[in-house]
Amino acid sequence: MSRIGKLPIPVPNGVEVKIGADVVEVKGPKGSLSTPVCSLLTYEQAEGHVTLSRIEDDRITRAQHGLRRTLLSNCIDGVTKGFSKALEVIGVGYRVAVKGNIIELQVGYSHPVLVELPEGLKAVVEGQILTISGIDKELVGEMAAKIRRIRKPEPYKGKGIKYTTETIRRKVGKSGGKK
């Protein structure tokens, strides 16, 4: 049995979970999300928690068991607490600004790079740290990765855009001595 899949998902107060034929809808204080239903699993809702169980025990069903439980758990966490990713912009003259739903990055190119935030995401800048937050974990992570790809951190000086939790392995430069 999947160690992750067999765990019941607690449903906090104020969160409503509707299990339909095609989709599971989750509504909470921060908004609403939905995740597709897997036909290989059965979804059961009882007394403040949701459990997923397998119909068969083949390889594909076992693979889906933990995945679908995690996706549903992320939906419930998103509508209650939300998710956020913090990025740090490091470099001389590197700046970041948020204007409405557009992020303006000046990261060493001849022009500022403009990134438009999709609906449902919010960005906040404090100094050199850009925080992206929203209720959809996948959307928050994908947007943070897209912004990081604009100027990846380089290993010699450490300039670029990196996650605040990320450590950059630094390399030694040239020796530079004459013989």
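Me: With which residue does the side chain of Arg-148 meet in a salt bridge?

Reply: The structure is a predicted model, in which local features need pLDDT of at least 70, side-chain atom pairs count only at pLDDT 80 or more, and totals for chains, interfaces and linings use all residues. Residues are numbered from 1 along each chain as its sequence is written, and side-chain values use heavy atoms, with hydrogens and water left out. A salt bridge is a side-chain nitrogen of Lys or Arg within 4 Å of a carboxyl oxygen of Asp or Glu. At 2.7 Å, N to O, the side chain of Arg-148 meets that of Glu-166.

Me: How many residues apart are Arg-148 and Glu-166?

Reply: Arg-148 lies in helix α2 (residues 137–150), and Glu-166 lies in the segment after β13 (160–163). Helices (H or I, at least four residues) and strands (E, at least two) are DSSP runs, numbered from the N terminus. The pair links distant parts of the chain, with a separation of 18 residues.

Me: Is Arg-148 buried or exposed?

Reply: The classes rest on relative accessible area: under 20% is buried, over 50% is exposed, and values in between are partly exposed (1.4 Å probe, protein chains only). Arg-148 has 18% relative accessibility, so it counts as buried.

Me: How many salt bridges does the count give?

Reply: Among them is the pair of Arg-54 and Asp-57, whose closest N and O atoms are 2.9 Å apart. Arg-54 is buried at 15%, whereas Asp-57 is exposed at 54%. Another joins Glu-104 and Lys-99 at 2.8 Å, N to O; Glu-104 is buried at 17%, while Lys-99 is exposed at 54%. By the rule, the count of salt bridges comes to five.

Me: Over the ring of which residue does the charged end of Arg-151 sit?

Reply: A charge sits over a ring if NZ of Lys or CZ of Arg is within 6 Å of the ring centre and within 35 degrees of the ring normal. The charged end of Lys-85 sits in this way over Tyr-163, 5.3 Å from the ring centre. For Arg-151, the charged end is 4.3 Å from the centre of the ring of Tyr-109.

Me: What is the order of strands in the open sheet of three strands?

Reply: Two strands pair if DSSP finds at least two bridges between them. Four bridges join β2 to β3 (residues 23–28), and these two strands run antiparallel; in β3, Glu-25 is the bridge partner of Lys-18. The pairing in the sheet is antiparallel, and the order is β2-β3-β4.

Me: What angle does the direction of helix α1 make with that of β4?

Reply: Helix α1 (residues 59–80) packs on the sheet and touches β2, β3 and β4, where contact means heavy atoms within 4.5 Å. Axes are lines fitted to C-alpha atoms, for helices over the stretch in contact, and angles run from 0 to 180 degrees between N-to-C directions. The angle between helix α1 and β4 is about 175°.

Me: What is the phi of Glu-47?

Reply: Glu-47 is found in the loop between β5 (41–46) and β6 (49–54), and it is exposed at 78% relative accessibility. Most residues other than glycine have a negative phi. Glu-47 is not a glycine, yet its phi is positive, at about 40°.
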